[in-house]
Amino acid sequence: MGRLFGTNGVRGVVNKELTVEKVTNIAAACGAYLGKKIALGRDGRTSSPMFRSASISGLLSVGCSVLDVGILPTPALQFSVKHFKLDGGLMVTASHNPPEFNGLKVMADDGLEVSRQQETEIEDLIFSGGPQLSVWDKIGTIEKRVAIQPYNESILSHVDSRLVGEAGLRVAIDPGNGVTALTAPEIARNLGCKVYTINVNIDGRFPSRESEPRPENLDGLRILVEASEADVGVAFDGDGDRSIFIDEKTEVHWGDRSFALVAKEFMAKNPGASVATPVSSSRVIDDVVTAGGGQVIWTPVGSVDVSRLMIGKGIMLGGEENGGIMYGPHLQVRDGSMALALVLEIMAKSKRPLSELFGELPQYAQIKDKVPCPHELKERLLEALRTSVDAPRVETIDGLKLWYPDGSWILIRPSGTEPVFRLYAEAENSERVSDLIEEHKALVGSIIDSLN
Ligand code: MG
């Protein structure tokens, strides 16, 4: 893990871990590293105007021209970098973190977040005295630019608007006081849907629900789906890259299942194609991709790894179990509003209830658990695990993933941010999956004891 960058950009508690001075320095280094023309966007957090100003100062100090695209979802900022042919972008956001957090996501000229290697190079620049500052007559300029309209138009261009319009779908949308309030309802309306909303007032205190959509905080959306007799409900995280769907019976379907639904349709249109997803995703992805004659390319956990692999191998669909779906023809980044448009198209084409479409996907039992482990023991623990586990197939892309002949699997990996080892398991039934978790929790625990 880098000295500033975490799993997705730089994050910290406002005015404690993340200060104006720090953001100014990071923005200056990013500007010097990325190039002359930089897009700058922000989410709706209370501290985002402050960090927007700090980012502008940093970028101008190294001679960048700043295209200020204002408040918008992270994927819309990413799209604008590519659309306006810029050298890079900065997004002031802490995604789904609690309101006291903020951060920066850094985009390269292709609109994707910078690679791990590029993050290290930016950190090296900061920790070796910072970038060269511009002389007085080479200081940069600021220009405002409207980015949401071309972004929405791109999303609409990738689905059959007429087909969706004829279906007359009713859609319930919960942006959770985040910035998809600016995109998702408009996109659904433009697709001819009847739109119902809650929590569409952008509010950086996230007063209505936690910014991360999870089954336990979507009661408001469930009530809206029921009251409006909606065909589908969708909730987004704070910066709009993740989406979670609920069906007309108000059941929540977790991210790997909505990704599987999108992947199934993608395989019908693109037989034999490859699809990228992290090793933590459900086997259901493998099932639908293999059934379509294609292949799943497994990646380390983290959206940057999936996006970069998609660009490198020309893969047009990727996704994460947390509800981040990446549709390459639009852009190889997680995009909640794009995911909504794709799901609406699938529903319109099938003319069947969403609960039935989800019901057709293979169903597995899953458990996610964790074991405390100090950062300094993580590497030795992983090493010791490698020699003590027993499974016919072992993947080492990220931590250890053990596959068994009955199709069940367990992933044991060190968290990049917390002092824990995470365990994810999946099997045909709940008994088998809890056995897998218990057995390996005990193994991890006994190795930690022996290392201490
Ligand atoms: Mg996010």
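**Entry 1: Asp239**

I started with Asp239, which touches Pro73, Thr74, Pro75, Thr93, Ser95, Lys105 and Val179, leaving aside residues up to four places away in sequence; contact means heavy atoms within 4.5 Å. I noted that this is a predicted model, where local features need pLDDT of at least 70, side-chain atom pairs count only at pLDDT 80 or more, and totals for chains, interfaces and linings use all residues. Residues are numbered from 1 along each chain as its sequence is written, and side-chain values use heavy atoms, with hydrogens and water left out.

Next I looked up where Asp239 sits: in the loop between strand E9 (232-236) and strand E10 (243-247). Strands (E, at least two residues) and helices (H or I, at least four) are DSSP runs, numbered from the N terminus. Asp239 is buried, at 0% relative accessibility; buried means under 20% relative accessible area, with a 1.4 Å probe and protein chains only.

**Entry 2: the magnesium ion**

Which residues coordinate the magnesium ion? I found Ser95 (OG), Asp237 (OD), Asp239 (OD) and Asp241 (OD), at 2.0 to 2.1 Å. Donors are N, O and S atoms within 2.8 Å of the metal (3.2 Å for Na, K and Ca), and water is not among the atoms, so the site may look incomplete. Along the sequence I read the donor spacing as S-x141-D-x1-D-x1-D. Asp237 is buried too, with a relative accessible area of 0%.

**Entry 3: H1 with H2**

I then turned to the helices. The axes of H1 (residues 20-34) and H2 (residues 48-61) come within 7 Å and cross at roughly 40°. Axes are lines fitted to C-alpha atoms, for helices over the stretch in contact, and angles run from 0 to 180 degrees between N-to-C directions. I listed the contact residues, among them Val20, Val23 and Thr24 of H1 and Met50, Phe51 and Ala54 of H2.

**Entry 4: H1 with H4**

Finally I checked H1 against H4 (residues 116-127): they pack at an angle of about 115°, with their axes 9 Å apart. The contact includes Asn25, Ile26 and Ala29 of H1, and Gln118, Glu121 and Ile122 of H4.

Technical notes: Buried < 20%, exposed > 50% of the residue type's maximum accessible area, 1.4 Å probe, protein only.
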